[in-house]
Amino acid sequence: NTDGRRVMAEQAFNIEMGSVAVHTTENRGHSAEEITEMALDKIIHVGDNAPQPIRDQAMAYRSELRTIVLFYIRQAMLSERVTIRAEIAAEMKENE
């Protein structure tokens, strides 16, 4: 029966694509705050049709999570700077 195969094919190829966002900066990298917001946008999304108590709870959680994520992104940035300084110092020492 070809109708059955056509329905199966339509179901197999009905794939919903997620949204894609592009965040750019000019002459700089992203700040810790910008990266935090990008991460939170991926972690927490509350639909417009969600009941108000659910939305309120999700936004409160997002706010708490923002503090934690921002702290660790800043720590990672500082750690990267320490690593780069050490690598530059080692390179300069080798070239003396």
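This tour moves through the structure one selection at a time, from the whole chain to single residues.

**Before selecting anything.** The model is a predicted one, in which local features need pLDDT of at least 70 and side-chain atom pairs count only at pLDDT 80 or more, while totals for chains, interfaces and linings use all residues. Residues are numbered from 1 along each chain as its sequence is written, and side-chain values use heavy atoms, with hydrogens and water left out.

**The whole protein.** Show the chain as a cartoon, and you will find 3 helices and 0 strands, in the pattern α-α-α when read along the sequence; helices here are DSSP runs of H or I with at least four residues, strands are runs of E with at least two, and both are numbered from the N terminus. The protein has 96 residues, of which 11% count as buried, where buried means under 20% relative accessible area, exposed means over 50%, and partly exposed lies in between, with a 1.4 Å probe and protein chains only. Among contacts with a separation of 6 or more, 51% join residues 24 or more positions apart, a contact being heavy atoms within 4.5 Å.

Select N27, which is found in the loop between α1 (2–12) and α2. Its phi is near 60°, a positive value in a residue other than glycine. Most residues other than glycine have a negative phi. N27 counts as exposed because its relative accessibility is 78%.

**The core.** Next select A32, L40, I44, V46, A58, L65, V69, L70 and I73, the 9 residues of the largest nonpolar core; such a core is a set of buried Ala, Val, Leu, Ile, Met, Phe, Trp, Tyr and Cys residues joined through side-chain atoms within 4.5 Å. Helices α2 (32–43) and α3 each supply at least two residues of this core, and the largest share, 5 residues, comes from α3.

**T36 and its contacts.** Stay with helix α2 and select T36, which has its place there. T36 is buried, because its relative accessible area is 1%. Leaving aside neighbours within four places in sequence, T36 is in contact with R66, V69, L70 and I73. Turning to I73, and not counting residues up to four places away in sequence, you will see that I73 touches A32, I35 and T36.

**The surface of α3.** Now select Y72, in helix α3 (residues 52–94). Is Y72 buried or exposed? Y72 is exposed, because its relative accessible area is 56%. Draw a C-alpha to C-alpha distance from Y72 to A32, and these residues, 40 apart in sequence, lie 9.2 Å apart in space.

F71 is partly exposed, with a relative accessible area of 45%.

**The aromatic pair.** A search of the whole structure finds 1 aromatic pair. The rings of F71 and Y72 have their centres 4.9 Å apart and their planes at 90°, so this pair is edge-to-face. Rings of Phe, Tyr and Trp (its six-membered ring) pair if their centres lie within 6.5 Å, with planes under 30 degrees apart counted as stacked, over 60 as edge-to-face and the rest as tilted.
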